[in-house]
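Here's a protein chain to look around in together. Have a look at the fold, and then read on for a guided walk through some of its parts.

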Amino acid sequence: MREERPTDVLVVGGGIIGLSIAWRARQAGLSVTVLERDVAGGATSRVAAGMLAPVAEVEFGESGRRQLELGLRGASMWPAFAAELETATGVSVGLLQTGTLVLAHDEDEARELERQLEVRQSLGLTVRRLRPSAAREREPALAPAVRLALEAPDDHSVDPRMVCAALMRACVSAGVDVRARAPVARVELAGGECARATGVTLEHGEHVPAEQVVLAAGPWSGGIEGMPEGAGVPVRPVKGQTVRLRDPAGPGLLQRVVRFHGGYLVPREDGAYVLGATVEERGFELAPTAGGVYELLRDAHELVPGVSELQIEELSVGLRPGTPDNAPAIGRCPVQGLIWATGHYRNGILLAPLTAELVLGVLTGGEADPLLAACSPERFSASAGPPTAPTGPPPSTAGEPSKPAEPATAAKAVP
Ligand SMILES: Cc1cc2nc3c(=O)[nH]c(=O)nc-3n(C[C@H](O)[C@H](O)[C@H](O)COP(=O)(O)OP(=O)(O)OC[C@H]3O[C@@H](n4cnc5c(N)ncnc54)[C@H](O)[C@@H]3O)c2cc1C
């Protein structure tokens, strides 16, 4: 059993969130260890479509406004983050700055889209109304069934698998100690009531000491033991199924991300497409289902018939880390030296550079960023209990026409 000098920062979880934080912390001169249960970048971040879509993802209500603020700042950071990562590693992250089209496919959806347009315009967001002919001029593969489209020209995409590969390389060459197959069992504390984190213990018993511990274990973050009452964050897994498609003729079927009532299609630069995604409250179950895949393909085919010619490369299933209000938990908790960076739900790719910046500020004791207040893990302290799905119908998403509320266990397709 090895017991070492404490690392400055110990990050639990090597997904896009943990790796982004590790890279930034190391760049700031801190010694950093990442402990990853399996292989870095191999869990939820590997399944994500990679949309950077704060405008298409607008949700109503107070929480929606907070998330819009986070999302817009996150999106604004991506071009520089991508360029820095590519320069540091020589690895492309697949940033495509081609914008997004949100499609309506019948009269009801078109009316709803008009309403969504007004909402976005009232928020000062850049969005254009497109007649079907204008939408098809931009994307000739769209079916005549398209009744109306909104264009969000600033909602772009990256390839999260490429981002994680680049982050891994950046971390390792900067001197981060990334340990694969190092499952953390518990956080270790000292100091009784005024608890302070002193490190973690791995499942096989090894103690890894640290000055500060960052919990970035995605949907599994809530399962790490040792947390005193009031310091936990209730994170639940929200299943999402995707189909990875490839055009044997190469790129060109779609240039932009297209989103529709049943899901979305995200093009990659090499002729691959991600078709997603179901949203299912099924605990940690990871099996792809015939029904989920059928619905995704059916809905995509109605608006982009050429999808039927694409080859299926992969069915992939991921678990979005959701908090009770579906907003992330980033920042300190009552345990000194313990920082949460989880609960990014549908927006962990979009929010990775911003999360890394916010957490770095906390680690280095810089001036508190005002956005941290909206993400405080302590907002759950009073109601800490087992993770649950949000009560009531799912929040209405401006990125897609609304649809009837479904039982919490049903598969429904949104990003
Ligand atoms: C189908 C789907 C589509 C999505 N599309 C988008 C999108 O278009 N845009 C967007 O912004 N977001 C999207 N998301 C959301 C995004 O994928 C997540 O918010 C993001 O990946 C979360 O990153 P993470 O690093 O927190 O989690 P993860 O990538 O899951 O990383 C957590 C890591 O922690 C490790 N771990 C767990 N427990 C332990 C332990 N005890 N000890 C050590 N390590 C541990 C895991 O093995 C894992 O590698 C999508 C998600 C899904 C499922």
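What follows is a tour of a sheet, the helices around it, and a separate group of strands. Keep in mind that this is a predicted model.

**The open sheet**

Let's begin with the sheet. Eight strands make it up, in the order S5-S6-S4-S13-S14-S15-S12-S17, and the sheet is open, with mixed pairing. At its edges stand strand S5 (128-130) and strand S17 (311-322); each has a single partner strand, so one side of each is left without a neighbour in the sheet. On average, neighbouring strands of this sheet are turned by 20 degrees against each other, direction ignored.

Two helices pack on this sheet. Helix H4 (residues 107-122) touches S4, S5 and strand S6 (148-152), and its direction makes about 30 degrees with that of S6. Helix H7 (residues 290-303) touches S4, strand S12 (236-246), S13, S14, strand S15 (272-276) and S17. The direction of H7 makes about 55 degrees with that of S12.

**A closer look at S13**

Now zoom in on S13. Val257 and Arg259 point one way from this strand, while Val258 and Phe260 point the other way, and all are buried.

What are the partners of S13? S4 and S13 run parallel and are joined by three bridges, with Leu101 standing opposite Val258 in S13. Strand S13 (residues 257-260) and strand S14 (residues 263-267) run antiparallel, again with three bridges. Here Val258 stands opposite Leu265 in S14. A hairpin through two residues joins S13 to S14.

Is Leu103 buried or exposed? Leu103 has 29 other C-beta atoms within 10 Å, so it is buried; the cut-off for that word is 20 or more. Leu103 sits in strand S4 (residues 100-104). Apart from neighbours within four places in sequence, Leu103 is in contact with Val146, Ala149, Val258, Arg259, Phe260 and Leu303. For a contrast, take Gly283: it is 180 residues from Leu103 along the chain, and the C-alpha atoms of the two are separated by 31 Å.

**Helix H1 and its two partners**

On to the helices. Two packed helices are described by the angle between their axes and the distance between the axes. Here are two such pairs:

| Helix pair | Angle between axes | Distance between axes |
|---|---|---|
| H1 (residues 16-27) and H6 (residues 160-174) | about 30 degrees | 9 Å |
| H1 and H8 (residues 352-363) | roughly 50 degrees | within 8 Å |

Why are H1 and H6 called roughly parallel? Their angle is about 30 degrees, and angles under 35 degrees count as roughly parallel, so the name applies to H1 and H6. H1 is oblique to H8. The crossing of H1 and H6 is left-handed, whereas that of H1 and H8 is right-handed.

Which residues do the touching? Between H1 and H6, those on the H1 side are Ile16, Leu19, Ser20, Ala22, Trp23, Arg26 and Gln27. On the H6 side they include Pro160, Val163, Leu167 and Met168. Sorted by class, this contact has twelve nonpolar, two polar and one charged residues.

Towards H8, the H1 side is made by Ile16, Ile17, Ser20, Ile21, Arg24 and Ala25. Among the H8 residues they meet are Ala352, Pro353, Glu357 and Leu360. The contact of H1 with H8 has ten nonpolar, two polar and two charged residues.

Last stop: strand S19 (residues 338-342). How many of its residues are buried? Five of five, which makes S19 mostly covered. Leu338, Trp340 and Thr342 point one way from S19, and Ile339 and Ala341 point the other way.

S19 has bridges to two strands mentioned here. Strand S11 (residues 207-215) runs parallel to S19, and three bridges join the pair; Leu215 has Trp340 as its bridge partner in S19. Strand S18 (residues 329-332) runs antiparallel to S19, joined by four bridges, and Ala329 stands opposite Thr342. S18 and S19 form a hairpin with five residues between them. In that turn, Gly337 has a positive phi of about 75 degrees.

How values were computed
Residues are numbered from 1 along each chain as its sequence is written. This is a predicted model: local features need pLDDT of at least 70, side-chain atom pairs count only at pLDDT 80 or more; totals for chains, interfaces and linings use all residues. A residue is buried if 20 or more other C-beta atoms lie within 10 Å of its own, exposed if 12 or fewer, and partly exposed in between; C-beta atoms are placed from the backbone. Two residues are in contact if their C-beta atoms, placed from the backbone, lie within 7 Å. Two strands pair if DSSP finds at least two bridges between them. Axes are lines fitted to C-alpha atoms, for helices over the stretch in contact, and angles run from 0 to 180 degrees between N-to-C directions. Angles under 35 degrees count as roughly parallel, over 145 as roughly antiparallel, 65 to 115 as roughly perpendicular and the rest as oblique. A crossing is left-handed if the near helix is turned anticlockwise from the far one by less than a right angle, and right-handed if clockwise. Ala, Val, Leu, Ile, Met, Phe, Trp, Tyr, Cys and Pro count as nonpolar, Asp, Glu, Lys and Arg as charged, and the others, Gly among them, as polar.
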